[in-house]
2 protein chains.
Amino acid sequence: MAILFSNATVLPMTAVGNAPRTFAGWVGVDGNRIALVTESETAAAEFRAAHPGLREFDCRGKLVMPGLVNTHCHAAMTLQRSLADDIALMEWLHDYIWPFEARQTADDVALGMTLGVVEMLLGGVTSFVDMYYFENRCVETVERLGIRAMLGCNYFDSNVDEVMPQVEEAVRLAAGCDRVQIALAPHSPYTVSPENLLRGKRLADKYGLHLMTHISETQDEVRIVREKYGKTSVEHLDGLGLLGPKTIGAHCIHVTDSDIETLAARGVAVSHNPQSNMKISSGVAPVERMRAAGALVTVGTDGTCSNNDLDMFEEVRTAAFLQKSATGDPVALPAWEALRLATVNGARAMGYADGELGVVREGALADLIVVDLQKPHLQPVNDVVSNLVYCGKASDVDTVVVDGRIVVENRCVAGVDLPALYAGVAAAVARIKAGR
Amino acid sequence: MAILFSNATVLPMTAVGNAPRTFAGWVGVDGNRIALVTESETAAAEFRAAHPGLREFDCRGKLVMPGLVNTHCHAAMTLQRSLADDIALMEWLHDYIWPFEARQTADDVALGMTLGVVEMLLGGVTSFVDMYYFENRCVETVERLGIRAMLGCNYFDSNVDEVMPQVEEAVRLAAGCDRVQIALAPHSPYTVSPENLLRGKRLADKYGLHLMTHISETQDEVRIVREKYGKTSVEHLDGLGLLGPKTIGAHCIHVTDSDIETLAARGVAVSHNPQSNMKISSGVAPVERMRAAGALVTVGTDGTCSNNDLDMFEEVRTAAFLQKSATGDPVALPAWEALRLATVNGARAMGYADGELGVVREGALADLIVVDLQKPHLQPVNDVVSNLVYCGKASDVDTVVVDGRIVVENRCVAGVDLPALYAGVAAAVARIKAGR
């Protein structure tokens, strides 16, 4: 079914160049592609005539823009949202997170993933990169909900033998759906041996998959890796041949200038997670230095135990604020550059060519969101991009299209019964906490 | 008219002690006071019987809590929202802010104030402390919109002769409305002479008013004050006798240990504005050190040129995140303590006795908000306070009561035509920008 967004303010975003120019116009979707981007009412009328039965949305006072791309999260951890905050790391892991995770089943994970995806779709996230257990079980979940995803099968040395067959199963399950990619996700260079890192890399190469891992998230990690291997985490991973354009490195906080050069030279996508980094005191990633070095910086929310939500509007804003604060330069990471990290750059991180995703351009994949600008916090419109980045809320998104399909309309997620979902989640959490 | 919130999760907040205990219960309002806080269905039925014609809200799955208190903003600057971001300070002031402000009228300021108050009410802010021009003109605005306010008449050396009579006029205009207080607001110790600081102090004392000013916001300010007076900003203000329990100091970033002791000893209310401080690279206020010293720390949004919204949910969250990031301690400023800054402590800053405002307690002033917990980002409820502080959004507020009056219901502000307001704002901004 074709779709036409009419009388909109269009924010196209571009892969390169300066601040994007918004314009008043129309955006048409045919199949899973953007088929029309125009300022011409005549061209819009022709599109309407050529596509009988199209769905038309009157977007007066609304913004049409690319959907947001969340390049690092653990979506199923919604079950553990706010389970244990404001306590020390080791108590948190030993007394709360690990016992909870030990008890949850693949079905629990799929349920948590459902809640996470619903939250993301309602907040204008059209693509996400996940890293967790039982991703094979979640292929069906994301296919059904209509979001675009890269599902990273997380492993440690302790469970690598279980996870590798799950990767192959997930690849088979996702084969029929272009929206869903599978990836290898060794947890980190300090929790996975060189041998098992390479085992993941070989499987990734076999199927042409991405590989993601946490890199230099904490000073402890950097210390442990240095003690074990005499190298920084980046040097260690690079020495194993793990860094390339199909690698996503989450965090990259404690990196040297030389590490930054390496990340840029190899084309690694860095997922910056500012709210998580602040909340669990990991440090401040040198985003401006990484951007200056030509590294591909993107934005992610991390999981709901360390954020505690999956809100990319807040994440983009916090990315800009945190760089300005940490560098002492109020001009650092301007609004439109922050937005580029979460659209164009995120799309590249997921393996899409420039202009293929994360932009409003004829021929691009139709992942679009409609933001209602008729809200007190978005008025007046002195600068629509500043308003969007510095004031926009997840709740301002009213319509979401992924791969040409309407998945959110009037803030309702297609095919999801929210009260039933909340009840199911509450029951699962109660069961897991009780140890049943 | 009496009001009864039924079957709610109640978050009472307390002035002292540990994390607040939530409970399932009823909250009744009679006149402008909270008249019932109970877990007893029988007591609720008696209240219902004793108040024929009361408005009853079914709050199943919702939270009833004190309204948020924004202790520092320039609400009328909504007109300049996103007017000029991501540029250097001096260019910003000289080319954008000052020319704009030179052209705007008292009516423009009242219009900007209207938009700001509407935004705050919709985001659960029931009280705010303002600091701007033409506050005498805004007394009527805030009386009409139903919010609780302290209106600080901002002055510099250059306009003190104009502003002092406005203060006296504002005091007369506000005399009939308990919700509205007037205050003196000398801009800062580096832009107002000792003589004019004292002139404001004398007028404040004459009418029993609060006095507010920016304190130690930037390193430049501290340098200038030291060069002029050989003292820190806090020492300088204290030497003039300006610091006391009726003083609100915005920012307090670049303060010494001795300054912190002084702020605590004098009972000064500190307004911490983390998003503004991050966005314009002012530095990080030592909130944890101030709290440890016994200073009264509160939270404010600052104006919409440096934030760019008036969202206290985000501000409370950012306060917690920023302290954890800056101190390197993930246990710093826990969720419930951050929430106390924005409720109980804010109420004290505005001169209310402990237990009088900012709490859900029988006898307290009825400033209450209802937060809808049936949102994907607020499920499951492992910890309602963590969810609220780390995931809650302004848009989750569905009902707001100030001084016993329903001012927001189903996310509609009583008596406000939003499209007309937006159109009026757009026209005023266009006129001011065009220099007409």
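# Close-up views of a predicted two-chain model

**View 1. The interface of chain A and chain B.** Chain A and chain B together bury about 4400 Å², and 57% of this lies on carbon and sulfur atoms. The model is predicted. Contact is made by 55 residues of chain A and 55 residues of chain B. Across the interface of the two chains, 39 residue pairs are in polar contact, both partners at pLDDT 80 or more. Several helices of chain A each give at least two residues to the side that touches chain B: H3 (106-122), H10 (274-279), H12 (312-327), H15 (384-391) and H16 (418-434). H12(A) supplies the largest share of that side, six residues. Sorted by class, the side of chain A that touches chain B holds 24 nonpolar, 16 polar and 15 charged residues.

**View 2. A salt bridge between the chains.** Side chains of opposite charge can pair when their charged atoms come close. Between chain A and chain B there are ten salt bridges. One of them joins Lys393(A) to Glu314(B), with the closest N and O atoms 2.9 Å apart.

**View 3. A salt bridge within chain A.** Over all chains, the salt bridges number 61. Among them is the pair of Arg55(A) and Glu409(A), whose closest N and O atoms are 2.6 Å apart. Arg55(A) is in strand S4 (residues 55-58) of chain A and Glu409(A) is in strand S16 (residues 405-409) of chain A, so this pair ties together parts that lie 354 residues apart in sequence.

**View 4. Helices H5 and H6 of chain B.** The axes of H5(B) (residues 160-174) and H6(B) (residues 194-207) come within 12 Å and cross at roughly 10 degrees. Angles under 35 degrees count as roughly parallel, and H5(B) and H6(B) are therefore roughly parallel to each other. On the H5(B) side, the residues that meet H6(B) are Val160(B), Asp161(B), Met164(B), Val167(B), Glu168(B) and Val171(B). Their counterparts in H6(B) are Asn196(B), Arg199(B), Gly200(B), Leu203(B), Lys206(B) and Tyr207(B). By class, six nonpolar, two polar and four charged residues make up the contact of the two helices.

**View 5. Two cis peptide bonds.** In chain A, the peptide bond from Asn307(A) to Asn308(A) is cis, and its omega is near 5 degrees. Asn308(A) sits in the loop between strand S13 (296-299) and H12 of chain A. In chain B, the peptide bond from Gln379(B) to Pro380(B) is cis, with omega near -10 degrees. Pro380(B) belongs to the loop between strand S14 (368-372) and helix H15 (384-391) of chain B.

**View 6. A positive phi at Leu333(A).** Leu333(A) is not a glycine, yet its phi is positive, at about 35 degrees. This residue is found in the loop that runs between H12 and helix H13 (335-341) of chain A.

**View 7. The surroundings of Val416(A).** Val416(A) lies in the loop between strand S17 (412-413) and H16 of chain A. Leaving aside residues up to four places away in sequence, Val416(A) touches Val118(A), Leu145(A) and Leu421(A). Val416(A) and Val118(A) are separated by 298 residues in sequence, while their C-alpha atoms are 8.1 Å apart in space.

Methods: Residues numbered from 1 in each chain as written. Chains lettered and ligands numbered in written order. Predicted model: local features only at pLDDT ≥ 70, side-chain atom pairs only at ≥ 80, totals over all residues. Heavy atoms only, no water. Contact = heavy atoms within 4.5 Å. Buried area = accessible area lost by both parts, 1.4 Å probe. Salt bridge = Lys/Arg side-chain N within 4 Å of Asp/Glu carboxyl O. Polar contact = N/O pair within 3.5 Å; in protein donor to acceptor, adjacent residues only side chain to side chain. Helix = DSSP H or I, 4+ residues; strand = E, 2+ residues; numbered from the N terminus. Nonpolar A, V, L, I, M, F, W, Y, C, P; charged D, E, K, R; others polar. Axes fitted to C-alpha atoms, helices over the stretch in contact; angles between N-to-C directions. Parallel < 35°, antiparallel > 145°, perpendicular 65-115°, else oblique.
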